[in-house]
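Please read the following report alongside the sequence and the 3D view.

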Amino acid sequence: MKTTNRLVGAFVAMSAMTVAANAATVTDDFSAASLNAMWQVNDNAGSYNTGGGTSQTGGYYLIHNTFVEGASNISTSMGTLGAGDTGRVDGIIRTDQFNDGRWSNQVVIYFNNENWVGLRLAYENGATGFYRQGAVNGVYSALDGPAVASGNVQWAHNILGVQLTPTNINFYGSTIGNDYTNETNIDANVTLLASVARPASFQGQAYAILGKGFAASNLDPAYLNHNGGATVGNADNYISYARIITPDPVPEPTTLGLLALVGLPLLSRRGRRVS
Ligand SMILES: [Ca+2]
């Protein structure tokens, strides 16, 4: 009995450390017949021109015929991120839309409408390239711009990423001018483009968001699903690949016994891939 207890105790300690020390990676190449159930769709009827909407076909998620200030995106949970926890979201995305400004297609790490950071595809008057934006405690200018890479991003799939380290927000991107429609190797095709200090408010329940959206001053609805109201410029946006890296949730003390029983299956499920 003593031996058994020691073994269980050792296994609990090992499991907790492994879970805390390793990240879970989830990828989606959007090749399935319909959007995977891990995603929540955030949009509103006012975002689309006649015939507009979303679909998944040909290896991408299509946001069809959206107005320039229409919100339409997908989100999924990254779990609870502590102040020292890392997290990263990368996407391979394309815009055919001109002048959608802050609503342009982007990849985001989101806590709430007052605290989020994204890297977006800008194709508008005077701004073409990868631009960062976001809010810190509701201050929307806090993370906006400048461009972290410049060039015409229209019509091609580009790779964009945002990463939280314990101290910084890192922005990653591919080479503007190349097309990455069917790429699945993020790390081989991006470089670190910029890094800024991580705000203290960037902790708690986090979500990955890909697609169009912005949180305006009225702060609702959630998930950047605010319709800016400019019913012009309908065009298409694409999401062709997503990668989310997030730490496994740190077990509550009361669940440590359960973890000992289910620890091995949990560990073997690391690195989920959906299609
Ligand atoms: Ca794809």
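How many of the 13 residues of strand E15 (residues 235–247) are buried? In this predicted model, local features need a pLDDT of at least 70 and side-chain atom pairs count only at pLDDT 80 or more, while totals for chains, interfaces and linings use all residues. Residues are numbered from 1 along each chain as its sequence is written. Strand E15 is mostly covered, with 11 of its 13 residues buried; a residue is buried if 20 or more other C-beta atoms lie within 10 Å of its own, exposed if 12 or fewer, and partly exposed in between, the C-beta atoms being placed from the backbone. Helices (H or I, at least four residues) and strands (E, at least two) are DSSP runs numbered from the N terminus, and the chain has two helices and 16 strands. Of its 275 residues, 39% count as buried.

Two strands pair if DSSP finds at least two bridges between them.

| Strand | Sense | Bridges to E15 |
|---|---|---|
| E1 (residues 23–28) | antiparallel | six bridges |
| E4 (residues 60–66) | antiparallel | four bridges |
| E6 (residues 87–95) | antiparallel | eight bridges |

Within these pairings, Ala23 stands opposite Pro247, Thr66 has Ala235 as its bridge partner, and Gly91 stands opposite Ala242.

**Strand E9 and its neighbours**

Strand E9 (residues 127–135) is largely enclosed by the rest of the structure, because seven of its nine residues are buried. Nine bridges join E9 to E8 in the antiparallel sense, and Arg120 stands opposite Tyr131 in E9. The hairpin of E8 and E9 has two residues between the strands, and Gly126 takes a positive phi near 80° there. E9 also pairs with strand E10 (residues 147–150), again antiparallel, over three bridges, with Ser150 in E10 as the bridge partner of Gly129.

**The nonpolar core**

A nonpolar core is a set of buried Ala, Val, Leu, Ile, Met, Phe, Trp, Tyr and Cys residues joined through C-beta atoms within 7 Å. The largest such core has 53 residues, of which Val108, Ile109 and Tyr110 touch the most other members. Strand E8 (residues 115–124) gives the most to this core, with six residues. Leaving aside residues up to four places away in sequence, Val108 touches Val89, Trp116, Val117, Gly118, Ile209 and Leu224, where contact requires C-beta atoms, placed from the backbone, to lie within 7 Å. Across the chain, among contacts with a separation of 6 or more, 70% join residues 24 or more positions apart.

Methods:
Contact = placed C-beta atoms within 7 Å.
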